[in-house]
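Hello,

Here is the structure for you to look over. My notes follow below it.

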Amino acid sequence: MSDLTLEQVVLNNQIATVKMANDGIAFKTAGAAFSIKKDEIKNMEIFRGIQKYCFRIVGEKDVYDILNVDESHLRDIKQNASQSYGISIPTIELENLATTDCNMIYNSNLLTFSNESVICSIPKGKIDKIVEIDNELQFHIGETEVVLSTKSKAIDFLKNKVSEEICVISNLNCVNPRSRSAIIFFEKYFESRGSSYDHIVFYKNVKELLFLGKENAEQYMVLRLETPLLQGQTKYESMVFALEKKEVEVTTKDSRLRSYYNGTQDEVVVEIFEAMLGIKAQTSEFQVKCTNKINDGHLFFMQNGIQFLPKPISIGAADVILVEFSRLNVSAMQAKTFDMVVHAERANSFNSISKDMFSLIEDYFKGHGVKMVSEVIEDEYSGPSNEESESESDISSIIARSDELD
């Protein structure tokens, strides 16, 4: 049988030339040239494509879809395949009406969906990843997402065949950016799939991991990012998860993790993140309840800085210029709390802090060599002069006064 050459066809989104010879098939594109031997060819198919026909060659390790094949070549292709490789090629008519319910078949590196006729088939090599969330099976093929619902055990089988997914943790409360999310771990990154937005975060983009909160109370996990997430027009420099004490079970398949986890959500999630990121979660020395603007929350004092949550504000201890306290000398009958302004790159106010916590806060900042000043409220108010008012609003003047107190 003489060789058959197909020109101006498409392979891997490139114009290609395909040559069918007795000993194998050769492929040539603008960027590469390769071939497969006769004994590596397992099957062949022809079906109608978006334009003209698709000629599919199923090899031992890969599947080659040759597009833009003219109908005039079909007879020669079938004859050449029969005589050179002993393969009878069917022309498959694809189902385009009854496509909602189907059977799923995995064979020869192909995932095929069919009922009475084939609906579609996907080569294994084209599937970027496959994940299971609740009762849904999700395929990612480039920028295309295919979502299926199944009650069979096909999910477990397919995940072993075509997915690089390591594990999935569902129903996490992400409070920044706000969403109920599922976290899907892969080798080099994790994917946060929310109700409105999905985010892919590479492990190398996480610079710090925090685990903050009181035992038997709400716990927070904070991922501080090198490159912020972009959601709409808003940038998020941290991901914050409010973790619960409910029991969870997670199965995994990665040497960095145990094969099975069973425990409370906060413990399991943090342990998995520590292992995948290769860093230890930082904890706080103590925390205080307070408000920042209209946001209620807690201010956590850590070895290297402070963190307000759940609306995240991070301030490194080395970046603090001055701490200013107010309402400290007001009698307990009038006020049981005080306010604090932390001056760093910008001034952040933390209000309604219990006076019982003042000595801990004072010792913390003193230990980091941070200057502190306290507002003094006179019993008789005579009104400040313009000069005094301007001085109070000038942070450099405050620092100067604190130097005089040293």
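**What was found**

R56 has a relative accessibility of 2%, so R56 counts as buried (buried is under 20% relative accessible area, exposed is over 50%, partly exposed is in between; 1.4 Å probe, protein chains only). This is a predicted model: local features need pLDDT of at least 70, side-chain atom pairs count only at pLDDT 80 or more, and totals for chains, interfaces and linings use all residues. Residues are numbered from 1 along each chain as its sequence is written, and side-chain values use heavy atoms, with hydrogens and water left out.

**Salt bridges**

R56 pairs with D65 in a salt bridge, 2.6 Å from N to O (a side-chain nitrogen of Lys or Arg within 4 Å of a carboxyl oxygen of Asp or Glu). D65 is buried too. R56 also bridges to E45, with the closest N and O atoms 3.9 Å apart. That pair links distant parts of the chain: E45 is in strand β5 (residues 41-48) and R56 is in strand β6 (residues 53-59). Strands are DSSP runs (E, at least two residues), as are helices (H or I, at least four), numbered from the N terminus. E45 is buried because its relative accessible area is 15%.

D266 and K245 form another salt bridge, at 2.8 Å between the closest N and O atoms. D266 sits in helix α3, and K245 in the loop between β21 (234-243) and β22 (247-251), 21 residues apart. D266 is buried at 1% relative accessibility. K245 is partly exposed, at 35%. Shared partners join E45, R56 and D65 into one network. The count comes to 13 salt bridges.

**Helix α3**

Q265 also lies in helix α3. At 1% relative accessibility, Q265 is buried. Beyond four places in sequence, the contacts of Q265 (heavy atoms within 4.5 Å) include N171, L172 and K245.

**Aromatic pairs**

The structure holds 18 aromatic pairs. Rings of Phe, Tyr and Trp (its six-membered ring) pair if their centres lie within 6.5 Å; planes under 30 degrees apart are stacked, over 60 edge-to-face, the rest tilted. F190 and F273 are edge-to-face, 5.3 Å centre to centre with 85° between the planes. Both are buried. Ring pairs link F185, F190, Y203 and F273 into a cluster.

**Overall**

The protein has six helices and 31 strands. Buried residues make up 44% of the 406 residues. Mean pLDDT (the predictor's confidence in each residue, from 0 to 100) is 84. Over residues 380-394 the pLDDT is below 50.

Best wishes
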